[in-house]
Amino acid sequence: MSPAAPPSAPPSPLARTSRRLDWRVRFGVLALIWGFSFLFIKVGTEGFAPFQVTFGRLLFGTGVLAVAMAVKRDRLPRGARVWGHLTVAAFLLNALPFSLFAYAELTIPSTLAGICNATTPLWGMLLSLVALSEDRPTRVRAAGLGIGFMGVLTVLGAWQGFSGLDVTGTAMALLASFSYAVGWIYVRRTLSDTGVSHLSLAGSQVGLATLQLAVVTPLFTSMPESVEVVPLLAVIALGALGTGYAMLLQYGVVAEVGPTTASMVTYFIPVIATAAGVAVLDEQLTWNTPVGAVIVLAGAALTQTRTSRRTPTTTPKTPTLASPAPSGPPPAPTPAPTPDPAPSTDSRTTRQPATHS
């Protein structure tokens, strides 16, 4: 966004309404892109190996971010320490979860993968209790954690003994969401105060993840005998839109309305992923899947609540900054599942970035 000259008079109500509609439209586009990412993965794996899908999405995502950095004349980070932390973040937030979701969707529906992605805030809170000593759970957030994992059991049909469910694929999807949570805690501890722009860190991180997949992919896959158009378009869309353009969209939304509002995109992603899987891919949906998804989202929302605490007037009150939220995961100093906005430098908050696969 380029700075505009200050108006000579306050903006009209029509202009203010247009501005509100503008960020809401971008918010909706962001939710659609990340929600459809699971469909794109499913379609991509019909023509390419999972590692190839992941490498393709990272390659096209890096291209979009590189163009954005060139337009803004943004520089790459400096210092071996920053690049070392970015390498770890690239693995935890991009290379590993992207690959796990691609492998998971070989055997599970995209609807289930999208719902598993929504468990990231639950894993984040659970890990923060161990990794962030300043963070203290409240009864509401603890209840949200329990409710959220009850929702997971409902989605998986635990009372039926998980019959008809591919355990390996489901475990991979849940592990991908867990990786997002670990990655964001790592980012908050190591990259929250580098002085480098969010776009530069995000572009560098996705670029490093691309290099990681460039090394791994040839070792475990071979070139496809033929390239089908639809899977190729799905991979291009997954990378250019879901891993590149979506992050740029979220940066704009965060800058305009703040990270708390922007983080709400997390709760639309599994809804859109489920609707896309059923409508486009004709995936079957039993009653426990949407019911469990609602329970998961309710629990995740409770884990992100903040209670205002009154402090005595004699005790100085330290302000707490809200860190950006999807699922992912960006949902930065670095991006999440595709890059999301920067986590706050205040390590006491555990709000997870919006994440997506």
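Of the 357 residues in the chain, 52% come out buried (under 20% relative accessible area with a 1.4 Å probe, protein chains only). The model is predicted, so local features need pLDDT of at least 70 and side-chain atom pairs 80 or more, while totals for chains, interfaces and linings use all residues. Numbering starts from 1 along each chain as its sequence is written, and side-chain values use heavy atoms, with hydrogens and water left out. The secondary structure amounts to twelve helices and zero strands (DSSP runs, H or I of at least four residues for helices and E of at least two for strands, numbered from the N terminus).

Helix 4 (residues 110–117) packs against helix 11 (residues 269–280) at about 175°, the axes lying 8 Å apart (lines fitted to C-alpha atoms over the stretch in contact, with angles from 0 to 180 degrees between N-to-C directions). That makes the pair roughly antiparallel (over 145 degrees). On the helix 4 side, Ser-110, Thr-111, Gly-114, Ile-115 and Asn-117 make the contact (heavy atoms within 4.5 Å); helix 11 brings Ile-269, Pro-270, Ala-273, Thr-274, Gly-277 and Val-278. These residues split into five nonpolar, six polar and no charged (Ala, Val, Leu, Ile, Met, Phe, Trp, Tyr, Cys and Pro are nonpolar, Asp, Glu, Lys and Arg charged, the others, Gly among them, polar).

The largest cavity holds about 40 Å³ (points on a 1 Å grid where a 1.4 Å probe fits but cannot get out; lining residues have an atom within 4 Å of a point). Its lining includes Leu-112, Ile-115, Cys-116 and Thr-119. Helix 4 and helix 6 (139–156) each give two or more lining residues, and the lining divides into eight nonpolar, one polar and no charged.

How values were computed. Angles under 35 degrees count as roughly parallel, over 145 as roughly antiparallel, 65 to 115 as roughly perpendicular and the rest as oblique. On a 1 Å grid over the protein atoms alone, a cavity is a set of points where a 1.4 Å probe fits but cannot get out, and a pocket is an open set with protein on both sides within 12 Å along at least five of seven lines; lining residues have an atom within 4 Å of a point. Grid points are joined across faces, edges and corners, and a volume is the space filled by probe spheres set on the points. Buried means under 20% relative accessible area, exposed over 50%, partly exposed in between (1.4 Å probe, protein chains only).
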